Amino acid sequence: MQWYEILIIVLACAFVVGVVVWQILRKKKGKSGCDCGGNCAACRGCTHTQQEEKKK
């Protein structure tokens, strides 16, 4: 393998790890990856659905 191939692999792995860490931090803050705008009825990731379940 050439040095640039190794660099590409390292950068790709760093990108994937970065996205995973970013999603974990968003989840801890109470945000989700759901982009439904609160219009989905059965989305467990939706914060609107979670708030309604807490009220019940």
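1. A residue is called buried under 20% relative accessible area, exposed over 50%, and partly exposed in between (1.4 Å probe, protein chains only). By this scale Y4 is partly exposed, with a relative accessible area of 43%, and W3 is exposed at 63%. Buried residues make up 7% of the 56 residues in the protein.

2. The model is predicted: local features need pLDDT of at least 70, side-chain atom pairs count only at pLDDT 80 or more, and totals for chains, interfaces and linings use all residues. Residues are numbered from 1 along each chain as its sequence is written, and side-chain values use heavy atoms, with hydrogens and water left out.

3. The protein contains two helices and zero strands; these are DSSP runs, numbered from the N terminus (helices H or I, at least four residues; strands E, at least two). Helix α1 covers residues 3-28 and includes V16. The end C-alpha atoms of α1 are 37 Å apart, which agrees with the 38 Å that its 26 residues should span at 1.5 Å a residue; the expected span is 1.5 Å times one less than the number of residues. Just after α1, G30 takes a positive phi of about 95 degrees.

4. One aromatic pair is counted, where rings of Phe, Tyr and Trp (its six-membered ring) pair if their centres lie within 6.5 Å, and planes under 30 degrees apart count as stacked, over 60 as edge-to-face and the rest as tilted. W3 and Y4 form this edge-to-face pair, at 6.0 Å centre to centre and 90 degrees between the planes.
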